[in-house]
Amino acid sequence: MKNIQLNPASYATLVFDCDGVLLDSNKVKTQAFYQAALPYGEIAAQALADYHVANGGVSRYKKFSYFLEHIVTKHIEGAALENLLDRYAEFVRSGLLSCDVASGLQELRNKTPNTRWLIVSGGDQAELREIFRQRELDGLFDGGIFGSPDIKEDILSREQSSANIISPALFIGDSKYDYKAASESRIDFLFMSDWSEVENWQQWCAENNINSLQNISALIENCMPLPFPKNA
């Protein structure tokens, strides 16, 4: 991975992951996976929570499908995929409405007036749009808010094809999957560490030559106005 220009104002598009980047919601979702799987017992619930942490950024649909196919050893009546998804959504909603929002988002938006902003998340798309609407944050993301059941690679490819994501673009994420999706789409990547659940992230970033910052506030410090309008 090349060393990228960390000035966000130099990019035509900023693509944000949600959990661990915009919202301090990683632990909220880990606990929600555990609670949703408890009908199968504490051991199975913990196994799902561990699988979720190890596969940050992957959609809940894939995680619960994996749970039912590879972790669960017995059938529980009424706990099929849709039931698990419903239980998870109930637990996670209140957490997403109350968890901390990244400091400095509005300031960064003000400093990047010519840059399009998108969210590309593993979270449920309809749920994300409603949460960001209720928290009065949706207006920041003029490029849209996108999530599962579509996977990140497909979302990025689709939005690139429709010219909603314009190069140069920067993906800001907190998981190994975010890096993979950005790399496959030939989008620069920045790892945000403060809320990430990636173990030994410093070593991983060093081994892959990945740029990292702690949070949005640190990114603002790198934001320098361009000498002329980008589209001039």
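A: A disulfide is a pair of cysteine sulfur atoms within 2.5 Å. The structure holds zero of them. Cys18 is in no disulfide, and the nearest cysteine sulfur, that of Cys99, is 7.5 Å away.

Some ground rules come next. This is a predicted model, where local features need pLDDT of at least 70 and side-chain atom pairs count only at pLDDT 80 or more, while totals for chains, interfaces and linings use all residues. Residues are numbered from 1 along each chain as its sequence is written, and side-chain values use heavy atoms, without hydrogens and water.

Now the sheet. Helices (H or I, at least four residues) and strands (E, at least two) are DSSP runs, numbered from the N terminus. Two strands pair if DSSP finds at least two bridges between them. Six strands form an open sheet in the order 3-2-1-4-5-6, with parallel pairing. Strand 3 and strand 6 (211–213) are the edges; each has a single partner strand, so one side of each lacks a neighbour in the sheet. From one strand to the next, the twist averages 25°. Axes here are lines fitted to C-alpha atoms, for helices over the stretch in contact, and angles run from 0 to 180 degrees between N-to-C directions.

Look closely at strand 3, residues 144–148. Buried means under 20% relative accessible area, exposed over 50%, partly exposed in between (1.4 Å probe, protein chains only). Five of the five residues of strand 3 are buried, so the rest of the structure largely encloses this strand. Strand 2 (residues 116–124) runs parallel to strand 3, joined by four bridges. Ile119 has Ile145 in strand 3 as its bridge partner. Between strand 2 and strand 3 the chain passes through helix 6 (residues 125–134), in a right-handed β-α-β crossover. Right-handed means that, with the strands pointing away from the viewer, the path from the first strand over the helix to the second runs clockwise.

Contact means heavy atoms within 4.5 Å. Phe132 touches Ile119 and Ile145, among others including Cys18 and Phe141. Cys18 counts as buried, because its relative accessibility is 0%.

A nonpolar core is a set of buried Ala, Val, Leu, Ile, Met, Phe, Trp, Tyr and Cys residues joined through side-chain atoms within 4.5 Å. The largest one has 51 residues, with the most contacts inside it made by Phe16, Phe67, Phe132 and Phe141. Another core, of 19 residues, lies apart from it and includes Ile155 and Phe189.

Key. Lists of a residue's contacts leave out its neighbours within four places in sequence.
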